[in-house]
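Here is a short briefing for a first look at this structure. Keep the sequence and the 3D view open while you read.

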Amino acid sequence: MNPMHLLSGAIALLLGATCVAQTAPAVLPGPAFPQFSSAAQINAACTAGLSAAKKRVAQLERRKVDAGWLAAFDDYYAFQEDTQYPIEFVLNVHPDKAVRTAAQACSLRWADFNSSYGQNEKIFRALKRAPQADAIDAELVRVAVGNFEDAGVALVGAKRKRAKQLLDQISELDQQFNKNIRDAGVKVAFTQAELKGVPEGALAAAARDAEGRYVLGVDYPSYGPVMQLAEDGAARERMWMAKVNEGGDANLKLLAQITRARHEYAGLFGYSNFVDFNLRRKMAKSGAIANQFLAEVKGAVVEGERADLLELRGAKALHLGQTLAATQINRWDTSFYAERVRRERFAVDQEAFREFFPPQESLLFTMRVIEQMMGVRYTRVAADLWHPEAQAFVVSDVASGKPIAQLYVDLYPREGKYNHAAVWPLRGSATRVGRTPTAALVVNFDRKGLTLDEMETLLHELGHAVHNNLSATRHASQAGTSVMQDFVEAPSQMLEDWVYDKDVLKLMAAVCPTCKSVPDELLAKAVAAKAFGKGSQYGRQHFFASYDLALHGADVPDPMALWAQMERASLLGHVEGTRFPAGFAHLAGGYGAGYYGYLWSLVLAMDLRGEFKADKLSPVVGQRYRSVVLGQGGQRPAPALVTEFLGRESNSKAFFEYLRK
Ligand SMILES: [Zn+2]
């Protein structure tokens with residue numbers, strides 16, 4: 001189970017202020033969130049869940065392959081969601097470390113069980129001959145058959161055994177990779193003078209060492225402000241070096257093992273590289289097409305990156321009182337000087353937005369946007385969740401008045417909590433049995449309020465939750481975000497742009513009459529500032545995507561050697577002694593050979609956005625989008641959904657216009 005990640009880490013900060021809490025006497029349409037208060041409880045639930053799963057699989061094996069077989073197959077899928085997913089989720093958010101550790105062990109037991117299920121021949125054979133009622137059933141079979149094949153069910157003898165071994169090994173290595181980052185506990189000490197420029201609020205909670213220095217971690221709430229705001233270049237360099245070495249040599253070794261295992265895995269299926277194996281069922285279809293896409297984008301992206309860097313050099317020369325010729329931009333300079341240019345040239349200070357966007361009201365505002373567009377209503381309800389600050393909402397359909405989904409939200413940072421922004425789809429919709437979907441949205445915001453960047457992050461994440469919540473698929477296994485991986489980010493990326501529209505921001509007044517509204521002038525500056533820096537931003541994304549595809553290429557290069565070689569050829573070069581790939585968790589996990597998907601789906605997102613050009617809040621377009629795209633989940637292939645919504649095939653015109661603007 002992979003959560004949908006945010007593209008780049010959110011810079012989450014501190015403090016708090018709220019006005020209204022929306023509460024109404026409604027009930028959750030789905031089951032209550034399971035309560036786990038000890039490791040023993042997790043272990044017991046895990047054992048009971050796996051043993052019930054085993055029984056259910058045996059029943060399905062024995063079941064007659066009649067007109068009801070596909071529904072029974074999907075029932076098992078739904079059972080597995082309800083049993084496995086809450087445990088996978090609390091692994092990331094539970095306040096008790098013992099519970100998280102037990103959940104991690106349970107996750108590996110499920111990985112082992114699922115890799116065996118993936119090779120279950122009886123189910124595979126039944127699936128292929130199960131009666132299909134229509135195109136939706138046929139799509140379910142097509143995708144599920146692909147999943148079984150990818151798990152090695154059609155391999156013979158030793159190859160099949162090896163496939164399972166490799167899958168289990170990759171799960172374990174990935175888990176270890178992430179654990180190494182979580183447990184690294186890297187700390188960097190700074191004197192007060194070295195942190196000149198960093199707001200006091202960002203340091204208030206920091207520990208001090210014997211010499212009175214601030215001891216900071218490299219998590220985003222500490223890392224972000226230092227990289228963006230610390231005047232002292234040497235201080236930023238130390239912080240940056242600590243961050244890019246976070247996973248250490250241990251993780252470089254793990255990443256090498258993971259890529260070798262994937263290579264061998266692809267080989268079992270007759271593929272010379274993992275990229276072609278992994279992409280064959282995605283929109284991109286092959287490594288050649290993905291690489292061709294990156295090659296097409298490269299020119300526009302690098303041009304923008306070069307222009308940005310020139311601006312940053314100018315800003316640095318001015319800041320340090322030296323000539324442009326004598327000034328070089330280092331990797332630890334980019335965030336700082338980009339922020340400086342934004343403040344000086346566009347007079348935009350992201351911090352200035354916090355007073356307009358209290359966290360709770362910001363959440364209600366993003367929900368209001370969705371309500372307006374999609375014809376739904378969010379109502380907060382009381383529920384016992386994993387933490388007292390986590391909230392539950394019922395999503396109802398305005399036209400029918402019926403509750404259709406539930407959403408959990410966890411807004412603030414705390415010890416041991418997942419520290420980026422992501423959505424976990426906990427439960428998929430299945431209209432054939434009245435099953436309502438559930439998603440959990442996890443972010444880490446400053447209690448004082450959000451920056452406009454963070455508001456964009458919140459709407460992006462809510463976009464994933466909406467994809468899950470507004471899904472109205474017949475089968476759970478086709479629900480919501482169960483779409484091709486190179487499409488899954490598109491609905492969220494489409495919405496990011498909404499927060500830069502003053503008509504959209506006016507909805508804030510509807511949820512918080514006492515909140516001051518963002519002055520038009522400040523917003524206009526933020527829009528101008530946003531355009532600055534996109535060359536560097538997409539340049540880096542392009543680089544990550546290219547690295548990922550090369551790393552999973554036929555020659556299985558050493559991760560660090562490849563990274564250094566590619567980075568040396570980039571505009572900012574490579575800094576000896578840094579180990580960026582050691583912290584690149586996307587590649588160790590589900591985005592391996594799939595990172596290009598962020599840029600790929602951005603092209604689709606920008607094309608989709610065009611339909612809302614006249615009115616971002618249009619209920620007519622919004623509800624058409626809801627029924628044609630979001631509601632369909634994966635019961636039709638992504639390209640078909642996009643084509644139907646646009647009334648033509650998708651193209652990259654809007655994306656290139658945006659890059660060149
Ligand atoms: Zn996302």
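**Briefing**

Ser396 has Pro403, in S7, as its bridge partner. This is a predicted model: local features need pLDDT of at least 70, side-chain atom pairs count only at pLDDT 80 or more, and totals for chains, interfaces and linings use all residues. Residue numbers start from 1 along each chain, as its sequence is written. Helices (H or I, at least four residues) and strands (E, at least two) are DSSP runs, numbered from the N terminus. Two strands pair if DSSP finds at least two bridges between them.

**Strands around S7**

- Strand S6 (residues 391-397) pairs with S7 in the antiparallel sense, over 6 bridges.
- The hairpin of S6 and S7 has 5 residues between the strands, and Gly401 takes a positive phi near 75 degrees there.
- S7 also runs parallel to strand S9 (residues 438-442), joined by 5 bridges.
- Asp410 stands opposite Val442 in S9.
- Strand S7 (residues 403-410) has 6 of its 8 residues buried, so it is largely enclosed by the rest of the structure.
- A residue is buried if 20 or more other C-beta atoms lie within 10 Å of its own, exposed if 12 or fewer, and partly exposed in between; the C-beta atoms are placed from the backbone.

**An open sheet**

- An open sheet is formed by 3 strands in the order S2-S4-S3, with antiparallel pairing.
- Its edge strands are strand S2 (187-190) and strand S3 (207-208), and each pairs on one side only.
- S2 pairs with strand S4 (residues 214-217) over 4 bridges, in the antiparallel sense.
- Ala189 stands opposite Val215 in S4.

**The whole chain**

- The protein chain has 26 helices and 9 strands.
- Its radius of gyration is 24 Å, close to the 26 Å that the globule rule gives for 661 residues, so the chain is as compact as a globular protein of that length.
- That radius is taken over C-alpha atoms, and the rule is 2.2 Å times the number of residues to the power 0.38.
- Along the principal axes, the C-alpha atoms fill a box of roughly 80 × 55 × 55 Å.
- Buried residues make up 46% of the 661 residues.
- Of the contacts between residues at least 6 apart in sequence, 75% join residues at least 24 apart.
- Two residues are in contact if their C-beta atoms, placed from the backbone, lie within 7 Å.

**Helix packing**

- Axes are lines fitted to C-alpha atoms, for helices over the stretch in contact, and angles run from 0 to 180 degrees between N-to-C directions.
- Angles under 35 degrees count as roughly parallel, over 145 as roughly antiparallel, 65 to 115 as roughly perpendicular and the rest as oblique.
- Helix H1 (residues 39-62) and helix H3 (residues 97-117) have axes that come within 8 Å and cross at roughly 15 degrees.
- H1 and H3 are therefore roughly parallel to each other.
- Residues making the contact include Cys46 and Leu50 of H1 and Cys106 and Phe113 of H3.
- Helix H14 (residues 359-374) packs against helix H15 (residues 452-469) at about 50 degrees, with the axes 10 Å apart.
- That angle makes H14 oblique to H15.
- Among the residues in contact are Thr366 of H14 and Leu459 of H15.
- Helix H23 (residues 597-609) and helix H26 (residues 653-660) pack at about 100 degrees, with their axes 7 Å apart.
- H23 and H26 are therefore roughly perpendicular to each other.
- Their contact includes Met606 of H23 and Phe655 of H26.
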